[in-house]
Structure formats: structure tokens, C-alpha cells
Amino acid sequence: MNYLTVENIAKSYGELTLFEGLSFSVHKDQKIAFVAKNGTGKTSILKMLAGFDVPDTGNIIYRKDIKVAFLPQEPILDPELTIEQTIFNADNPVLDIIKNYEKALQNPEDEDVYQKAFEQMDRHNAWDFETQYKQILFKLKLDNLDQKVSVLSGGQKKRLSLANALINKPDLLILDEPTNHLDLEMIEWLEAFFAKENITLFMVTHDRFFLERVCNEIIELDHGELYSYKGNYSYYLEKKEERIAREQVETGKAKQLFKKELVWMRRQPKARTTKSKSRIDDFTEIKHKASQRRKDHVVELELNMERLGSKIVELVKLSKSFKDKVILDKFDYNFQRGERVGIIGKNGTGKSTFLNMLTQTTAPDSGKILIGETVKFGYYTQAGITPKPNQKVIDVVRDFGDYIPLKKGRQISAQQLLERFLFDRKKQYDFVEKLSGGERKRLYLCTILIQNPNFLILDEPTNDLDIVTLNVLEDFLLDFPGCLIVVSHDRYFMDKIVDHLLVFKGEGEVENFPGNYTDYRIYEDSKAPESDTDAEDKKEKKNWKKDSSKAALSYNEQKEFNNLESKIKSLEFDKKEIEQKFLNPDLTQDQITELSAKIQKIMDSIEEKEMRWLELSEKMEG
């Protein structure tokens, strides 16, 4: 079923053409990721699909009565409402059904009105609406339902906007960087949510693990052309590589033909026949193909930074608290030469505070930070860059340095560094205010690197960077010979860059784990933690309706009955997932034992819930 069709859309801002002649469609159950470089119009396209902008030319045609929700990077929320009021202020038809049911409960003598309201509650599964929205808010760490929007952080507002979109269950959900401001636990929950829910998605995201696990199609905008790949991120990488190889072969052939035709063009007589005119036209096309160049950059640098001494950075009994919130409690750590440390943990556990203490912009409550004399920090913060008015891109970088020294007396200039990070010569002389949010982050990164630090600290460097830039950054960091600390929720990035992790668990507990993020998840999963689904259900704070004396089941029993159906369905889904894992021929005996224990636990839970469902069914019939 076709949900929307995009026909030949174009968008320009003054002399800058973002894109033109783009056409594609979105069908039911597709989960599409839109991939392109920063500054090529990804956010503009999302806004057009969501109805917040219009193309200069072309059309966007929606299926009639389709319900669309949009998660922008900067949500628009009423600051005077609370978190819970924001949910109930949404344009959600289920809320009208609940209001009608509440009204019917106040007039029980009108049996027809009550019966109709009851059937509507059943048909739209509205009984467990309260449970659903509280579970989603709880997963997104929005527990204080009475907290006003005006006091929420930017990240909390983004998560509230996401919760609203998920709760409203649209036909088509359009997402602009949905994993920004989510910690790793939230991202993994969101992946599982999209796996279970039948929501059609169209999104822009730089999170390649998320792409891998959620999306079933990728549309790429590359050098003004759209390419569609019917698969996840791994499939996209494989097929893109094949496409580029084909293009290079075709370009090579075109160059050979160009040389041959160039000789003919130089020899031909002045009197031109119709046949020769046709060949001249063909020559123009061949010349165009032969001159095509891909602008992808491969970073292979031998940086010549100041050598780190024997003492780098040593933390001695470091402690830090904010009122009752403990960040560090007598934490000891000694950084070694060439260490590549990843820092992970839930939002609010003190990761950024730790980095600020390292760079001495925040003082510890007690303990010492001993920094070696040769250490030169490069600190990429979440705050970004504040350029001067009317400043050009190249001048911003040159304010911090003119070049990075390389080995054997070579160097990379500010201009060359910008080129490597996808600012061509023309773009380098643009004013900074013309750059997109992602391009500004890329420029900020260049201002850090041009200073040639030997201890690089990156706080969420992947936010707002496109996948193309992330690949360039990863290549640069793989060549970086100094110490490296990265705070990031981008699991793909962390797996590729870091050797071990500091896991901030809250209440001052920091675990030193020898491995990357995937290693850590395998280690955590091996502990087989108990499901907390039932615990979450117990977190309900109130019922918004009274029990009905007209129904065979009480209101709470009716709610439980409907909840049981969805829980059994969810458990069946989990059971199938584990059954699929048993098909892996490489499973060890320990893994088989562990999976057997998990599937037995799920089957016991299904049996228990089915018995309760039968009990309530008999009561309804009685």
C-alpha cells in the first residue's frame, strides 16, 4: 500500500541548490533510512514530507486519511504544560474515546451509550492507554509526570516529543536523528519497540547499529542522484561498494573512448555531415562521463605530534558530587600512552562532568588530577562553535592554526584538513552562518584537530554528523597515535575506535571493562537479568476511570484482560527470537544451556498468563 509519492522535488536557497529532480515513494511497513552528507538537504526533505515546508518545484502526494507524525531535531512543545498534560494534549483519537467512556460511566442508566463507548474502548485497545504511555515515558527517563516542559533540558524535550509520537501510533512516523539525546539503554529499547510495532518509518539517522537493526531499506542521495537499497546497513555498504566499482570501470572506459574521440575531433574536416554532428554530440556526453570524479577522501596520515612523556594523566582518589548525586567516589585511574578509552553510561551519570574535571574546567570535591608536562588536550565539547560575525569557514580554522605537522617534514594545511572533512575550496570561503548544524559540528572538529593535540577528548562527536563524515572521522582517529577518550552513544563508532570502556553506572560506580561496546553487551547479556516487565506494570500511579457496575468484569479486570493479550503476544515474539538463535550451528554448550533457560522462563510466563486469561474469560462468559 502506497503511503506517499514524491515527484521531482527541488529546493534552493538563493544561489545554493540543495537538490533537484528527486523522486521516491514510501509504502506501508517500510522502514526507510535517508542517507546523505550534511548540507545536502536531509532535514529540508523531512520537513517537506511532514508538511512544515514545501518544495520549490515538484509534488508530494499523500494517501487519503493517512496519519503522520514528525519528530524534529528541535521539538515545539507548550512550556506551560506538564509532561503528562503534553501527552493528553496531543491529537490522539484514543483520548476522545476515553473521554466518551468516562462520560458514559457518569450516566449508567443510558445502556446504549454505555455499550457503544465500551465497544469503542475494546476496538481501539484503549484500556491499557495509561499503562502504555507510562511505560514509554518510564523507558525514556521521564518519570516525573508533573514536571513542566519549561524546566526540561533540550534532551528531555526531544525524548518527550519522541514519546508523544510513539504513543499516538501514526501510520507513518518521520524521524530526524531519533537517537540523539538517548543513552544506550534507551536506544536498544527503541530498536526493540520498532521491531515489535507495525509502524512505517522514514528517518534520518547517523546511528549505524540502529540502521542495521531497524531499517529494511536505505535511500541514499549521492552527488545529486538517488540510489535505493532494499536491505539494512550491511547490505547497503556491500551494494554501494559494488556500485562505486562499476562507476569507476565505466569512467575508465569513458576516458579511453574520450582519448580516441579527441583524436578524431582534431582530425575531422571543417565540413561536417549529419553523422559527424551526431558523433560530436556523443563526444560531449563522453567528455562529461570521463571527467567525473568522486569526492570521497581516504585519510592516511602519519601525524607528528609532541611526544607524550612517561606521565600522562593520573587520577588519585577523585570524588565529585552534586548535592545527593554522587558522580565519582575515590576513583583511581592512570592513563597510559596510546590508550583509546570509550565512556558509556546512562544520561545523568556524570560522563561530561568527568571530562570537564580532566580538562580542569570543573574542580573535583577531593582527590588529585596529575597531568604530564607534555600533554596537550584537544577537547571537543557538546557546546559546539561560536564564530565571529561574517567569518568565513577557512578563517575559523586558521584562528587556531595554519597546519598540522606530519612525519618526514610534511604537513597538512588548514585548507587540506577542511578538504579531508568534506569542505571543498568553494565551501571554505562561505560564511559560517550559511552552514547547516551538521556542517558547523564538522567545522568545530577541524578547529580541534588543527591544534595538533596529543590527548584528544571527544564528547558525543557523532551527534549531527552524517555517515559520510563519520567514516572520515573514524579513519582519522584510527591514524591518531596519541591518547583518546570518547563519550558516545554511537555503538558502531565505539566498536571501531576504542579498546576498552569506563562504564558509568551511577552512584559513583565506574566499571573498567577490557573490550569494546559489543563485547560489553555480550558480557552483560550473559548475566541473563530478569525481565522487568511486571515491575514496570506495578509503576502505575493511578486509574483515571471508575470501575463499571455494568460490565461482567470490573474496569481493572477488563484492563488486565486486554493487557494479557498484548503481553502474551510479546512473549511469543521473544520466544520466536530465541528459537531462531538455536539455528546457529556455532553455538557452544554453555550458550545452548543459557538459551534453553531463557526459553523455559518465557514459556512458563506464557502459561501463567494464559491461565489468568482463561480465568477472566470464564468470568466474562459467566
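Modeller: Two rings of Phe, Tyr or Trp count as a pair if their centres lie within 6.5 Å, and planes over 60 degrees apart make the pair edge-to-face. By that rule the structure, which is a predicted model, holds 23 aromatic pairs. A pair of aromatic rings is described by two values, the distance of the centres and the angle of the planes.

One of these pairs is formed by Phe209 and Tyr492. Their ring centres are 6.2 Å apart and their planes stand at 80°, so the pair is edge-to-face. This pair links distant parts of the chain, for Phe209 belongs to helix H8 (residues 208–214) and Tyr492 to helix H17 (residues 491–497), 283 residues apart. Phe209 counts as buried because its relative accessible area, 15%, is under the 20% limit. Tyr492, with a relative accessible area of 24%, is partly exposed.

Rings may also join into a group. Ring pairs connect Phe331, Tyr333, Phe335, Phe354, Phe377, Phe455 and Phe504 into a cluster.

Arg243 lies over the face of Tyr227, 3.6 Å from the ring centre. The place of Arg243 is in helix H9 (residues 233–267), and a relative accessibility of 6% is the reason why Arg243 counts as buried. The side chain of Arg243 also makes a polar contact of 2.8 Å with the side chain of Tyr229. Tyr229 is touched by Lys240 as well, and Lys240 also touches Glu220, when residues up to four places away in sequence are not counted. Lys240 too lies in helix H9, and Lys240 is buried, with a relative accessible area of 16%.

The charged end of Arg442 provides a further example, for it sits over the ring of Phe423 at 4.7 Å from the ring's centre. Arg442 is one of the buried residues of helix H15; among the others are Glu439, Lys441, Leu443, Tyr444 and Cys446. Eleven of the 13 residues of H15 are buried, so the helix is largely enclosed by the rest of the structure. The length of H15 (residues 437–449) can be checked by reasoning.

Let us turn to an aromatic residue in a strand. Phe24 lies in strand E2 (residues 16–27), and Phe24 is buried, with a relative accessible area of 10%. Leaving aside residues up to four places away in sequence, Phe24 touches Thr5, Val6, Ile45, Leu49, Phe202, Ile219 and Leu226. Thr5 is 19 residues from Phe24 along the chain, yet their C-alpha atoms are separated by 6.2 Å. Strand E1 (residues 2–13) and E2 run antiparallel and are joined by eight bridges; the bridge partner of Leu4 in E2 is Val26. E1 and E2 form a hairpin with two residues between them, and Gly14 in the turn has a positive phi of about 65°.

Residues 200–204 make up strand E7, which runs parallel to E6 and is joined to E6 by five bridges. In this pairing, Asp176 has Val204 in E7 as its bridge partner. E6 also pairs with strand E5 (residues 68–71), in the parallel sense, over four bridges, and the partner of Val68 in E6 is Leu172. Strand E6 (residues 172–176) is mostly covered, as five of its five residues are buried. Both of its faces are covered: Leu172, Ile174 and Asp176 are buried on one side, and Leu173 and Leu175 on the other.

Finally, these details may be set within the whole. The protein has 21 helices and 20 strands, and 48% of its 622 residues count as buried. Of the contacts between residues at least 6 apart in sequence, 69% join residues at least 24 apart. The pair of Phe209 and Tyr492, 283 residues apart, likewise links distant parts of the chain.

How values were computed. Residues numbered from 1 in each chain as written. Predicted model: local features only at pLDDT ≥ 70, side-chain atom pairs only at ≥ 80, totals over all residues. Heavy atoms only, no water. Buried < 20%, exposed > 50% of the residue type's maximum accessible area, 1.4 Å probe, protein only. Polar contact = N/O pair within 3.5 Å; in protein donor to acceptor, adjacent residues only side chain to side chain. Contact = heavy atoms within 4.5 Å. Phe/Tyr/Trp six-rings, centres within 6.5 Å; stacked < 30°, edge-to-face > 60°. Lys NZ or Arg CZ within 6 Å of the ring centre and 35° of its normal. Pairing = 2+ DSSP bridges.
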